[in-house]
Amino acid sequence: MLPKYLRGKREETTKDPEIEACPDGHVLLPEEERKETLRVLRQSYADRIQELNSLPVRSDTLRIKRRKTELEEELKRIDGGIKVFSSVPKCTLKLMRNS
């Protein structure tokens, strides 16, 4: 039987270093989920580009101008997500707490 202080040291050395690298309140995103999220983001980006390209060239109505602006904002947001998920091979997600 090991003393309590040695058991604590033993448990610390057997922990997964990847989990230890995560900040508090975050969990490591599995590689498969990261790739799937990246695929969905890229597909969403392509869909928004297709919709933007299908808008009339001459956009003089308020509705078309507003939709074009909305699509451009969505493209910026999606592009940011793509950069995050493709630049880092190991992503962490922040846990949301219900209050």
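**A walk through the salt bridges**

Let's begin with a pair of charged side chains: Arg67 and Glu74 form a salt bridge, with 3.8 Å between the closest N and O atoms. The term salt bridge here asks for a side-chain nitrogen of Lys or Arg within 4 Å of a carboxyl oxygen of Asp or Glu. Arg67 is partly exposed, at a relative accessible area of 24% (buried is under 20%, exposed over 50%, partly exposed in between, with a 1.4 Å probe and protein chains only).

Bear in mind that this is a predicted model, in which local features need pLDDT of at least 70, side-chain atom pairs count only at pLDDT 80 or more, and totals for chains, interfaces and linings use all residues. Residues are numbered from 1 along each chain as its sequence is written, and side-chain values use heavy atoms, leaving out hydrogens and water.

Arg67 and Glu74 also belong to a salt-bridge network that links them with Arg48, Glu51 and Glu70. Across the whole structure, a search finds nine salt bridges.

Two further pairs sit within helices. Glu36 and Arg39 meet at 2.6 Å, N to O; they are three residues apart in helix H3 (residues 31-54), so about one helical turn separates them. Lys76 and Glu73 pair at 3.7 Å, again three residues apart, in helix H4 (residues 62-87). Lys76 is exposed at 58%, whereas Glu73 is partly exposed at 46%.

Stepping back, the protein chain has four helices and two strands (DSSP runs, H or I of at least four residues for helices, E of at least two for strands, numbered from the N terminus). Of its 99 residues, 16% count as buried.
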